[in-house]
Amino acid sequence: MVPIIEVKNLIKSYNKSQANAVDGISFTVGQGEFFALLGPNGAGKTTAISILTTTLSKTSGEVLISGLDLDRDATKIRRNLGIIFQNPSVDDNLTAEENVRFHAILYGLYPFRPTYGLMPQEYKNKIHDLAQLLSIDKELFNPIKSFSGGMKRKLEIIRSLMHDPTIIFLDEPTSGLDPISRANLWSYLRDVRENQHTTVFLTTHYLEEAEEADRLCIINAGKIVALGTPLEIKGKLLNTQVVLSSPNISDLTHELTQKKVEFTLEHDEVVLHPDKDNVAPLIQSLTTKLTKLDIHNPSLDDAYLQIIGSQVKNEGV
């Protein structure tokens, strides 16, 4: 996969701070990839994404986006980006449509037009399609000051997608969105990735959203602590857990011992950690009557908590 984002030994430090906010991280993101950056509050996620979107200067390191150097070509880079920030950045003195229109004009998509009626039909179709997608098409011409926080979030999403960016940076994008709007947004993002090879770079607290990512990068205290596909990260850390119960626990434990299957006994239940591919053959081979069979496949939440938890423990926090 051709890299569209290349980060090499990126560092960001602040005056009077004893530790770097971003501490020597390196990774690449391929064109059309869905890449998720995860970590607890204060880990350095927002700092990293702010540097990549040219809104914050780095201390040192190298960043290339679409082959352009962040230090020398920031203006060209911005034209390729769609950005949904964690904090609101809309103008409360304008209507929703005016916010989007001035954004589109600043990006050079259309010549300046003082009213919506003078804008090209292409612009009108685009803004209405996106507004309908996020269910604010009826409020498009209302003043922003009348919008709730969730509605402002939807408007920011519309604004960031108007110029069909090659890379979309999403910093907690669905925070404050209702479930339907959240589902519609992810459906749209899947479509633009498939049809336009758009790259999606996500930071989020909703780990179920990151489950669909092609690759994950987990950072803590400014450093990368895990990098890989969701399956790789879960597979390296966690095994499938099988919980069995029987009216004849002693018979069950004896049979497992005979089969040389390792297990632990917890509250009259037998807990196994077999390889995922061995679960079905093992269960089918048992002759002891079972009253309970519970198979728990590790989730991204499980892996994330283990990674962050073990690092905090190692640091003695």
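This is a predicted model: local features need pLDDT of at least 70, side-chain atom pairs count only at pLDDT 80 or more; totals for chains, interfaces and linings use all residues.
Me: Is Thr-54 buried or exposed, and what is its relative accessible area?
Reply: Buried means a relative accessible area under 20%, and that is the cut-off to apply to this loop residue between H1 and S4. Thr-54 is buried, with a relative accessible area of 16%.

Me: How many of the 8 residues of helix H1 are buried?
Reply: Helix H1 covers residues 45–52 and is largely enclosed by the rest of the structure. Its buried residues include Lys-45 and Thr-47 as well as Ile-49, Ile-51 and Leu-52. The number of buried residues, out of the 8 in H1, is 7.

Me: What is the radius of gyration of the protein?
Reply: The protein has 11 helices and 14 strands. For 317 residues the globule rule gives 20 Å, and the protein is well over that value, so it is more spread out than a compact globule. Its C-alpha atoms fill a box of roughly 80 × 45 × 35 Å along the principal axes. The radius of gyration is 25 Å.

Me: Of the contacts between residues at least 6 apart in sequence, what percentage join residues at least 24 apart?
Reply: Buried residues make up 47% of the 317 residues in the protein, and the protein exposes about 16200 Å², of which carbon and sulfur atoms supply 49%. Among contacts between residues at least 6 apart in sequence, the percentage that join residues at least 24 apart is 68%.

Me: Which residues have the most contacts inside the largest nonpolar core?
Reply: In soluble globular proteins, nonpolar side chains tend to be buried together. The largest nonpolar core here has 47 residues, and a second, separate core of 25 residues includes Ile-4, Ile-49, Ile-65 and Ile-219. In the largest core, the residues with the most contacts are Leu-38, Tyr-123, Ile-127, Ile-158, Leu-170, Leu-189 and Leu-216.

Me: Leaving aside neighbours within four places in sequence, with which residues is Leu-216 in contact?
Reply: Leu-216 is among the residues with the most contacts inside the largest nonpolar core. Leaving aside its neighbours within four places in sequence, Leu-216 is in contact with Ala-36, Leu-38, Ala-210, Ala-226, Leu-227, Gly-228, Pro-230, Ile-233 and Leu-300.

Me: In which strand is Thr-203 placed?
Reply: At 0% relative accessibility, Thr-203 counts as buried. Not counting residues up to four places away in sequence, Thr-203 touches residues including Lys-45 and Ile-49, both of which are buried in H1. Thr-203 also touches Leu-170, Asp-171, Glu-172 and Pro-173. The place of Thr-203 is in strand S8 (residues 199–203).

Me: What distance separates the C-alpha atoms of Thr-198 and Ala-303?
Reply: Thr-198 lies in the loop between helix H6 (179–196) and S8, and at 2% relative accessibility it counts as buried. Among the residues that Thr-198 touches, not counting those up to four places away in sequence, are Gly-32, Pro-165 and Ile-168. Thr-198 and Ala-303 are 105 residues apart along the chain, and the separation of their C-alpha atoms is 28 Å.

Me: How far apart in space are Val-270 and His-197, C-alpha to C-alpha?
Reply: Val-270 lies in strand S13 (residues 269–272) and is buried, with a relative accessible area of 0%. Among the residues that Val-270 touches, not counting residues up to four places away in sequence, are Val-242, Leu-252 and Phe-263. Val-270 and His-197 are 73 residues apart in sequence, and their C-alpha separation in space is 48 Å.

Me: Is Glu-262 buried or exposed?
Reply: Glu-262 lies in the loop between helix H9 (249–258) and strand S12 (263–266). Its C-alpha atom is separated by 45 Å from that of Ile-180, 82 residues apart along the chain. At 71% relative accessibility, Glu-262 counts as exposed.

Technical notes: Residues are numbered from 1 along each chain as its sequence is written. Side-chain values use heavy atoms; hydrogens and water are left out. Helices (H or I, at least four residues) and strands (E, at least two) are DSSP runs, numbered from the N terminus. The radius of gyration is taken over C-alpha atoms; the globule rule is 2.2 Å times the number of residues to the power 0.38. Buried means under 20% relative accessible area, exposed over 50%, partly exposed in between (1.4 Å probe, protein chains only). Contact means heavy atoms within 4.5 Å. Accessible areas come from the Shrake-Rupley method with a 1.4 Å probe; for residues, only the protein chains shown count as cover. A nonpolar core is a set of buried Ala, Val, Leu, Ile, Met, Phe, Trp, Tyr and Cys residues joined through side-chain atoms within 4.5 Å.
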